[in-house]
Amino acid sequence: MAADPILVLQLHRMGDLILTFPLLMRLRQLWPHNPLWVVAEPIFFEQLMPLAPDAVFFPSSHCKALAQRSYAAAINLSSSPVAAQTMAALDSPLKLGPVANGTGLHIQGFWQLYRAALTQNNHANAFHWADLHLLDLLPNPNLASVGHARPAAAGTRRVGLVLGASEAAKRPDAGFWARLALRLVAADLTPVFLGGKGEQQLGQEVVQRTGLAQANMCGKLALREVAALMGTLDLCVTPDTGPMHLADFLGVPVLNLSMGPVHARETGPSAPGQWVLRAAMSCVGCWQCNRGRLFCKQAFLPAPVARIVTEIHQNLANPGTPAIAAARGLALYRTGRDALGLHTLNRVSATPEVSCRPLLEDVWQAAFLYLYDAAQEPLLRQRLARLRTAHPRLAQSLAERMARLCALCSDHLKQRSPLPEDFWRRQPGIVRLFTGHLHMFLQNAGFSDQGWRMAVQRLAALAPLFANPA
């Protein structure tokens, strides 16, 4: 008798589908004898199938038929109502992600719920989305055994420039790309302009400014041809967009120009050894800018970026070359993996990190790891102690806010009163990642007595550690 399939629903964009590939590879490891089925948008999977892990792809129009059978596991990574309804109808002993029920949605899985609570509330998140897809499959949050290949240059002196992104705020303009391309040519590197049909006009404008008509591949190649071309590159310079994830997955060295409403710790390149360049500002990593203009985008100037590109190219060819010099207003990072196999973003700029935000992100990451697996308590204590040493007033304020949350939630539990709709948003920014998760957890539990008790238990477990990490 044939084994039941594993079903994954991913109905978002190309980049989201590519970020699902590590999950598909992990599912193949865990269920080697079960067929792997994926529901995705045909405009993306038809081009990506030759590159994807071994799986059978279906369009969303097949959801009704797919919902009528049994699966060994079913994972919904989509916000689509059709996907949630499919999850509700199918039979499986393991369901993760949004599932429709009579009153709305119920999100199953600790980490799936955590990710859902990041909507408009991701400022202190340190988890990469590709990692969050994997964590609910494990009894402990250790991804060290998953394995991540390091990128390698092709040795051609060709540098891909991915011109477009889903929003103009996430990418440089034509003038930036043109000046960068000409500086690369002057450094004896060969730029290649990459993009789909939506970038044809942008590509033409860059050509008009540079005269590099032979470099322009925008709108001329199918996605599988773009993938083949990427295999000939030494480096891919790209905003946060689908082709960036494709290059990262294929093992092409990447320099991610992380600008606009994106967060490199969440959706930047995930393979170890990649490069991320972003503004040296504490507000980077938002998903909706509340400032008058995009200061994070204005920090990117062609001359310093060109110098960084050439120095990274030299580093790729000769790893023993001197460290890459910092650029004013910008911070350069290298991706890595920590002892648990989780994605890290490590600053390599010569100027030290002055913002408290990276340490705060690390603390909240350890706090949620501890809530999932109590064996991570030493890691949480270590990161809290580091925060207390570097920013004692912030650490004290954080401990006080956690104590207040304990009292506030205990009162609500005693009075059986519901939380206001804006409860999580009204809390101070240093605890809002946690209050957002707490609020969604209670909503997911229907504000039941059991849900309230578990919420208070989690607070009671964390508060003493925040007060005294030693």
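Q: A charge sits over a ring if NZ of Lys or CZ of Arg is within 6 Å of the ring centre and within 35 degrees of the ring normal. In this predicted model, over which ring does the charged end of Arg-458 sit?
A: The cut-off to meet is a distance within 6 Å of the ring centre. The charged end of Arg-458 lies 4.4 Å from the centre of the ring in question. That ring belongs to Phe-441.

Q: How far is the charged end of Arg-69 from the centre of the ring of Tyr-71?
A: The charged end of Arg-69 sits over the ring of Tyr-71. The distance to the ring centre is 5.8 Å.

Q: What kind of aromatic pair do Tyr-114 and Phe-368 form?
A: A pair of aromatic rings is described by the distance of the centres and the angle of the planes. Planes over 60 degrees apart count as edge-to-face. The centres of Tyr-114 and Phe-368 are 4.7 Å apart and the planes stand at 70 degrees, so the pair is edge-to-face.

Q: How many residues apart are Tyr-114 and Phe-368?
A: Both residues are buried. Tyr-114 belongs to helix H6 (residues 110–116) and Phe-368 to helix H15 (residues 357–372). The pair links distant parts of the chain, with a separation of 254 residues.

Q: Which helix holds Phe-434, the residue that pairs with Phe-368?
A: The rings of Phe-368 and Phe-434 are 6.1 Å apart centre to centre, with 45 degrees between the planes, and the pair is tilted. Both residues are buried. Phe-368 is in helix H15, and 66 residues separate it from Phe-434, which lies in helix H19.

Q: Is Asp-131 buried or exposed?
A: Asp-131 forms a salt bridge with Arg-337, and the closest N and O atoms are 2.9 Å apart. Asp-131 lies in helix H7 and Arg-337 in strand E12, so the pair ties together parts 206 residues apart in sequence. Arg-337 counts as partly exposed at 21% relative accessibility. Buried means under 20%, and at 2% relative accessibility Asp-131 counts as buried.

Q: Which helix contains both Glu-205 and Arg-209?
A: The side chains of Glu-205 and Arg-209 meet in a salt bridge of 3.3 Å, N to O. The two residues are four apart, about one turn of the helix. Both lie in helix H9.

Q: Which residues does the salt-bridge network with Arg-357 and Glu-361 join?
A: Arg-357 and Glu-361 meet in a salt bridge of 2.9 Å, N to O. Arg-357 is buried at 9% relative accessible area, and Glu-361 is buried at 2%. Salt bridges that share partners form one network of Arg-265, Arg-357, Glu-361 and Asp-362.

Technical notes
Residues numbered from 1 in each chain as written. Predicted model: local features only at pLDDT ≥ 70, side-chain atom pairs only at ≥ 80, totals over all residues. Heavy atoms only, no water. Phe/Tyr/Trp six-rings, centres within 6.5 Å; stacked < 30°, edge-to-face > 60°. Buried < 20%, exposed > 50% of the residue type's maximum accessible area, 1.4 Å probe, protein only. Salt bridge = Lys/Arg side-chain N within 4 Å of Asp/Glu carboxyl O.
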